[in-house]
Amino acid sequence: MLVGVRWGPDGCSAVLLSDSRVLAAARAPGHGRTVLTRVLADVYGAHAAAVRHVTFVIGPALLAAVREPADGPGQGAGEGAARAVPVVAVRIAPWPARHPALARHPSAPIAGLVARSVTLPGGHDLLGRELATLDEARVGELADELAASGVRAVAVAACGSLAAPAHERTFGERLLAAVPGLRISLSHEFGGQDLAGREASAVLNAALADVAEEVLGACEAAAGRVVPRAQHGVARGDGGRTPLARARTLPVVAVGAAEAAALLGAARLAGLERCRVLLPGPDGALLGEVRSGVPLVPPADLALIGTALCPPMAWVDEVVQVKDARELAAVRRDAEQRTIAMVTAQGAAPGSARLVETTVVALPFSPAGTIRVHLRAVGEAAAPDAAPDGSGVGDERAAGRSGVGGQRAREAGEAPAARRAGEGRGARAAKGAPGGRRLRRSG
Amino acid sequence: MTAREVEPVRAIGADDVPTLWAGAQFYAPAFGDDGAEGLLEWVTALLAEHDTVPLVRADALPPDARCAALGLVGSGTALAELPPAGTSSPRPSAALSGGSASGSRPSSRSPPPSTP
């Protein structure tokens, strides 16, 4: 049995699924540990012992915190006082922007979270070749300056960091040495082949740390009390699920999960393995695509059904340069193996992972042999006994990144949350399986 | 409404960017909206800062007017990874007008728009 739980703007709700049937649904106004415990207890009834997985949707709570002023009431966080914290955004690029519009983040909600923007010389191209040397002296000066400023959260985004994260890591380590315990988000941890997107992910991740800690703490406490033997996971913006413990360190992956889960739930209702979905909503229609088959269930809350069904998921998106077809085949095989390993790291049962999307295309206007490889894989959730605390393991350790050469942009395995962060980009949900974008109503 | 009823456009400003974007989606042979948010923000900010840009019919220009159409060719993926810093486009513009990279704006010296 599976359970989906949503921490939404109007309260908390949950559904209990067994195979293709909704066995129970519950809803309660308010937020926090007590409300979640009540909703979970209501929906479980006599089935608690049979529940294998509990998946939470916390994206709406996180986005509510983004919309609130830093000193306003914490409606999104519920029972606590956690707020989005102001972030210092450090961009590492070969040259500084000459115009303020080029220097700040183009998404207004993201820019609103940034208290200060700084550019450091450095960065790499898509294949990991250094474009400018990282100025060690300037790195040290900035780290000391930020340490003296009392900053709490820093987001670092370097050009080409998927291919070569060294500049981000060097600055992050130097900064951490200057300010032990500082929350630092490095953009290469999130994936996405565009600097603005990764920068948004890093900013959101740093800003939402306190809010996520509070919300996830309540989720963990409620689930631990009602169904301690089940695996506890968090729905991601790309339609997958991640262990709850991992969401504590990368909360941005949960942003946009409600939309992705709604697409998944709709596909389940329609009984289609691969389909496009158009869902009406108060803010416009949600358009998306689902590529993983699901059986039919009776009508109910689509997002909650989808939340319960979110599979372990991982993806790879990288740019490589190859000499011939043989080398391309080897690159693809290597990427496939890493994607499968990453799904297992996200909690998939060994042997259950499968590729659901493979795209290998030549990069236009680039040197011959420059190829972009995009893979996505899903798996069946492992039995709770395999990871009783639902903690899972990190992608990097389990996926064995060491098999990847230096001349390529590396994978992330997490949602490119920037694409859906806040209102501007946030109107578009994740692409992929499932994924979509929100269409604005005209007229 | 027919085309004859539409007033001729004599200048474009920050408020026109959404309309231009919609038209580009309609007429472009290929279109992708990755990175669109940044492009729209940058263009809007520049137009807001420099006021409107006059549109001039080619036949209204003096015969000896020097004209240039500046464009960008390259990989969208690469552009998204290394966004412009605002240093590239002034160079060819300055070279054509014989000024420095940070100096003249030839378009601002165009004659006022004529009525078609």
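**Figure 1. Perpendicular packing of helices α10 and α11 in chain A.** In this predicted model, α10(A) and α11(A) are roughly perpendicular to each other, a class that covers angles of 65 to 115 degrees, whereas angles under 35 count as roughly parallel, over 145 as roughly antiparallel and the rest as oblique. The axes of α10 (residues 257–270) and α11 (residues 302–309) of chain A cross at roughly 90 degrees and come within 6 Å. Axes are lines fitted to C-alpha atoms, for helices over the stretch in contact, and angles run from 0 to 180 degrees between N-to-C directions. Helices (H or I, at least four residues) and strands (E, at least two) are DSSP runs, numbered from the N terminus. On the α10(A) side the contact includes Ala258(A), Ala261(A), Leu264(A) and Leu269(A), and on the α11(A) side it includes Leu302(A), Ile305(A) and Leu309(A); two residues are in contact if their C-beta atoms, placed from the backbone, lie within 7 Å. By class, the contact of α10(A) with α11(A) comprises 11 nonpolar, three polar and one charged residues, where Ala, Val, Leu, Ile, Met, Phe, Trp, Tyr, Cys and Pro count as nonpolar, Asp, Glu, Lys and Arg as charged, and the others, Gly among them, as polar.

Residues are numbered from 1 along each chain as its sequence is written, and chains are lettered from A and ligands numbered from 1 in the order in which they are written. For this predicted model, local features need pLDDT of at least 70 and side-chain atom pairs count only at pLDDT 80 or more, while totals for chains, interfaces and linings use all residues.

Figure 2. Nine bridges join β13(A) to β15 (residues 370–378) of chain A in the antiparallel sense, and Val316(A) stands opposite Leu375(A) in β15(A).

Figure 3. Five of the five residues of β9 (residues 231–235) of chain A are buried; a residue is buried if 20 or more other C-beta atoms lie within 10 Å of its own, exposed if 12 or fewer, and partly exposed in between, with C-beta atoms placed from the backbone. Gln231(A), Gly233(A) and Ala235(A) point one way from the strand, and His232(A) and Val234(A) the other way. Strand β4 (residues 53–57) of chain A pairs with β9(A) in the parallel sense over four bridges, with Phe56(A) opposite Val234(A). Strand β10 (residues 241–243) of chain A pairs with β9(A) in the antiparallel sense over three bridges, and Arg241(A) is the bridge partner of Ala235(A). β9(A) and β10(A) form a hairpin with five residues between them, and Gly239(A) in the turn has a positive phi of about 90 degrees.

**Figure 4. Surroundings of Ala85 in chain B.** Ala85(B) lies in the loop between α3 (76–81) and α4 (90–97) of chain B. This residue counts as partly exposed because it has 16 C-beta neighbours inside 10 Å. Ala85(B) touches residues of chain A, namely Trp95(A), Pro96(A), Ala97(A), Arg98(A) and Leu102(A), not counting residues up to four places away in sequence.

Methods
Two strands pair if DSSP finds at least two bridges between them.
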